[in-house]
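Hello,

Here is the structure we talked about handing over. Please open it first, then read the notes below with it in view.

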Amino acid sequence: TTERVFNFSAGPAALPVSVLQEIQDELLCYPGAGASVMELSHRGKVFIQIMEEAEASIRSLFGISDDYAVLLLQGGAALQFSMIPCNLLRDSGKSASYLLTGAWGKKAIGEAKKEGTVDTIYSAADTGFDRVPKAGDYTVKDDSAYLYYCSNETIEGVQFQSEPECPTSVPLISDASSDFLSRPLDIDKYGLIYACAQKNAGPAGVTVVVIRRDLLEMGSDKLPGYLNYKNHADNDSMWNTPPTFPIYVLGKVAKWLSSDIGGLAAMEKLNHEKSNLLYQVIDKYPEFYLGHAQVDCRSKMNATFNLPSSGLLEAFVSEAGKNNLQNLKGHRSVGGIRASVYNAMPLEGAQALASFMDDFAAKNG
Ligand code: PMP
């Protein structure tokens, strides 16, 4: 069947239907270009305009100043696990501080250790990654190369509600892969913030890196060229062929956010509304829906919970599927259920899942 379902996938994830329709309309021939956007030179006028507009839309959504470069790169978020320490740690003579709140932070630390000294100054591993630190739970050395954290741990469903405390002398670095563009942010607080696109921002294949320009000077010429941020900044993300099609979609999603949704504050409000619907049912049946995250660390993007038995878990997934509520299985490393309600999940999707959960608990609890 070609019927669309409510897709709770953690990523690649749902895209706005109106964006998909626009892409469909333009797929064979981008207006005025005589060819599909996939068939255009990245150095041609048409594509350069698409790329400039995508960047301008992202800048305008957050209000990013010219003190920052916005880079559109390949290699996924995972390459940033390495690019960050390659540029900012390797030759710094310093150590880097990491806050460890989940699986993605753990991977980032593993890669950073290959490039230099890493201090894991906070870890929530002992409590199964169910929380983020509060002020006072850790100390950042004033001479750290940077402080790194993952704002939303996609697998465990824990999210920083605001930026962690960080000395002004230390660049703050965030992996915002799974909550980028979901809420307003004060970019001036960051040295670098990055996100792969395939959750809130577009299809897999492009990673957005917003970097304070002074940090562009930190990478050594000896680095492989692709890994040096400065090469990308100096060449407007065209040091090599950029991922043209994902950038085109990213631009459309960013425009949808401003014109259809009304900007990031409006998006945040809607995202709260959607995730609240799910957490309300979890709280209504606390013996039946076993929420993973501590209440004040719950993710607005990925609601994670378990059921009392593996039989009930299977029944939940299978009955939800019959109701067009799909891709709800948790990550293989933690099990349970993970419902991802990123930007493009409509309110009706969250309502449908919440109402299914309520019925399922009433019947089986
Ligand atoms: N960081 C976070 C928070 C993620 O959710 C993911 C992907 N699920 C990654 C990093 C890795 O992204 P990629 O697969 O694009 O390298």
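The buried residues of α6 are covered by, among others, α1, α2, β2 (68-73) and α7 (264-284). Before going on, keep in mind that this is a predicted model.

Which residues of α6 are buried? They are P246, I247, Y248, V249, L250, G251, K252, V253, A254 and L257. The helix itself runs over residues 244-261. With 18 residues at 1.5 Å a residue, α6 should span 26 Å, and its end C-alpha atoms are 25 Å apart, which agrees. After α6 comes G262, which has a positive phi, near 100°.

Now the chain as a whole. The protein chain contains 9 helices and 14 strands. Its radius of gyration is 21 Å, close to the 21 Å from the globule rule for 365 residues, so the chain is as compact as a globular protein of that length. Of the 365 residues, 46% count as buried. Among contacts in the chain with a separation of 6 or more, 69% are between residues 24 or more positions apart.

Next, one of the sheets. What is the strand order in the open sheet of 3 strands? The order is β11-β12-β14, and the pairing is antiparallel. Its edge strands are β11 (290-291) and β14 (337-340), each of which pairs on one side only. Between β11 and β12 (residues 302-306) there are 2 bridges, in the antiparallel sense. Across this pair, L290 stands opposite N306 in β12.

The unreviewed entry lists residues 5-353 as "domain: Aminotransferase class V". In the model, the end C-alpha atoms of residues 5-353 lie 12 Å apart, and the span is 34% helix and 16% strand. The unreviewed entry also has a "binding site" annotation that covers R43. In the model, R43 is in the loop between α1 (17-26) and α2 (45-62).

Is R43 buried or exposed? R43 has 9 other C-beta atoms within 10 Å, and a residue with 12 or fewer counts as exposed, so R43 is exposed.

Regards

Technical notes: Residues are numbered from 1 along each chain as its sequence is written. This is a predicted model: local features need pLDDT of at least 70, side-chain atom pairs count only at pLDDT 80 or more; totals for chains, interfaces and linings use all residues. UniProt positions are given in the numbering used here, feature names are shortened, and annotations may be inferred rather than shown by experiment. Helices (H or I, at least four residues) and strands (E, at least two) are DSSP runs, numbered from the N terminus. A residue is buried if 20 or more other C-beta atoms lie within 10 Å of its own, exposed if 12 or fewer, and partly exposed in between; C-beta atoms are placed from the backbone. The radius of gyration is taken over C-alpha atoms; the globule rule is 2.2 Å times the number of residues to the power 0.38. Two residues are in contact if their C-beta atoms, placed from the backbone, lie within 7 Å. The expected span of a helix is 1.5 Å times one less than its number of residues. Two strands pair if DSSP finds at least two bridges between them.
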